[in-house]
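Here's a quick briefing to read alongside the model. Have the viewer open, and we'll go topic by topic.

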Amino acid sequence: MANPIPYSILDISPIPQGFTAGDALRNSLDVAQHAEKWGYTRYWVAEHHNMTGNASSATAVLVGYIAAGTSHIRVGSGGVMLPNHAPLVIAEQFGTLESIYPGRIELGLGRAPGTDQMTARALRRDLLGSDDRFPQDVRELQHYFGPIQEGRSVKAIPGANTNVPIWILGSSLYGAQLAAHFGLPYTFASHFAPEQLLEAMKIYRDLFKSSVQLASPYSAFVMNVVAADTDEEAQHLFTTLQQNVVRMRRNTRGQLPPPIESLDDFCEPHEQDAAAHALQCSVVGSLETVKKGMRQWLDKTGANELIFTGQIFDHQARLKSFEIAAQAAQSL
């Protein structure tokens, strides 16, 4: 019997210490190929820039790489940071992908730049692509993906008539309101910004208006998952992500660090508390522990789908974590 709760993966192609971006990208493809076998619904990659620990900056290129190496799993962005780009360029990129891999491509959109302001300027070259234009840019993309209207002077070729599914991504209430107003599926980035998750989910459901793309609200949220044979092993692997969060707050980002025996030797108690708050939407442990945590978060949010992300230093341990996560989700 088909699993009633879809489960998916969000990947930032983390670059572990001592490895290259090429290693990280090949690891991402390997994860996607295994995820397809383990029943995952979709595999998304996230746009980040100027970060030495992430290899997912050229999002559309990576989506094509993942789609080419898999056969049926849906592949998309989680997301493209729309203020960095002209909507026509994104429509052409994802229209091309949909034309090559029909029925498999998705476009998740965010309104943050996904980087620092200096890098955002380097990406845009000017300040016209601001987040204030986000609703208009989403509408523009929808027009490009739809049928060509008579008299329209600018067309996305490829892109027109592809009807690439658009998702709205957010970490605040704004995205929930916009997704509801436009009648689009919505995903909350609770893996790093959990504070408004529950309120955003309620607002999205309460305000939702049906659309051509979606008749009723459909929501997902992203949670960190670190799973292993034992709770103790998973907690050890989890110290990699905890270190990453502390380093982000210190503004000392780098490549993905290996796990450590104790956080006490790495950071102060108040830093551990801050990391714990940021990572509260996480399930860490053995199969039963992870399953219990997933069930609790699903009950809290009322979401339709689970999206897992997992920054784990060792590639084989990362694969095993996603396999255990799939087993847990299948048994919910």
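**Pockets first**

Helix α5, at residues 134-145, is the top contributor to the lining of the second largest pocket, giving four residues. Keep in mind that this is a predicted model.

- Sorted by class, the lining has seven nonpolar, seven polar and two charged residues.

**The largest pocket**

- Here the volume is about 1100 Å³.
- A total of 45 residues line the largest pocket, and those nearest its centre are H48, A189, H191, F192 and M248.
- Several elements put at least two residues each into this lining: strands β3 (74-81), β5 (166-170), β6 (186-188), β7 (219-227) and β9 (305-309), plus helices α6 (173-182) and α8 (231-250).
- Of the contributors to the largest pocket, α8 gives the most, with six residues.
- The class breakdown for the largest pocket is 19 nonpolar, 21 polar and five charged residues.

**The enclosed cavity**

- The space inside the largest cavity is about 50 Å³.
- Its lining is made up of P14, P16, N27, L256, I312, F313, H315 and R318.
- By class, that lining has five nonpolar, two polar and one charged residues.
- Two of the lining residues, H315 and R318, are also among the buried residues of α11, so that helix is up next.

**Helix α11**

- Does the length of α11 agree or disagree with what its residue count predicts? The helix has 16 residues (315-330), and at 1.5 Å a residue it should span 22 Å; the C-alpha atoms at its ends are 23 Å apart, so the two agree.
- The buried positions in α11 are H315, A317, R318, L319, S321, F322, I324, A325, A326, A328 and A329.
- What do those buried residues pack against? Their partners are strands β1 (7-11), β7 and β9, along with helices α1 (21-37), α8 and α10 (287-301).
- Some of these partners turn up at the largest pocket too: β7, α8 and β9 each supply at least two residues of its lining.

**Around K209**

- You'll find K209 in the loop between α7 (197-207) and β7.
- Its relative accessible area is 46%, so K209 counts as partly exposed.
- Leaving aside residues up to four places away in sequence, K209 touches A180, H181 and G183.
- One of those partners, H181, makes a side-chain to side-chain polar contact with K209 at 3.4 Å.
- K209 and L184 are 25 residues apart along the chain, while their C-alpha atoms are separated by 8.7 Å.

- As background, most peptide bonds are trans, and most residues other than glycine have a negative phi.
- G78 and G79 are joined by a cis peptide bond, with omega at about 5°.
- G79 belongs to strand β3, and β3 is one of the elements supplying at least two residues to the lining of the largest pocket.
- Another cis peptide bond links I157 to P158, with omega at about -5°.
- P158 sits in the loop between α5 and β5.
- N163 is also placed in the loop between α5 and β5, and it has a positive phi near 50° despite being a residue other than glycine.
- Is N163 buried or exposed? Its relative accessibility is 52%, so N163 counts as exposed.
- S13 is not a glycine either, yet its phi is positive at about 50°.
- S13 lies in the loop between β1 and α1.
- With a relative accessible area of 0%, S13 is buried.

How values were computed:
Residues numbered from 1 in each chain as written. Predicted model: local features only at pLDDT ≥ 70, side-chain atom pairs only at ≥ 80, totals over all residues. Heavy atoms only, no water. 1 Å grid on protein atoms, 1.4 Å probe; cavity = no way out; pocket = protein on both sides within 12 Å on 5 of 7 lines; lining within 4 Å. Points joined across faces, edges and corners; volume = space filled by probe spheres on them. Nonpolar A, V, L, I, M, F, W, Y, C, P; charged D, E, K, R; others polar. Expected span 1.5 Å × (residues − 1). Buried < 20%, exposed > 50% of the residue type's maximum accessible area, 1.4 Å probe, protein only. Contact = heavy atoms within 4.5 Å. Polar contact = N/O pair within 3.5 Å; in protein donor to acceptor, adjacent residues only side chain to side chain.
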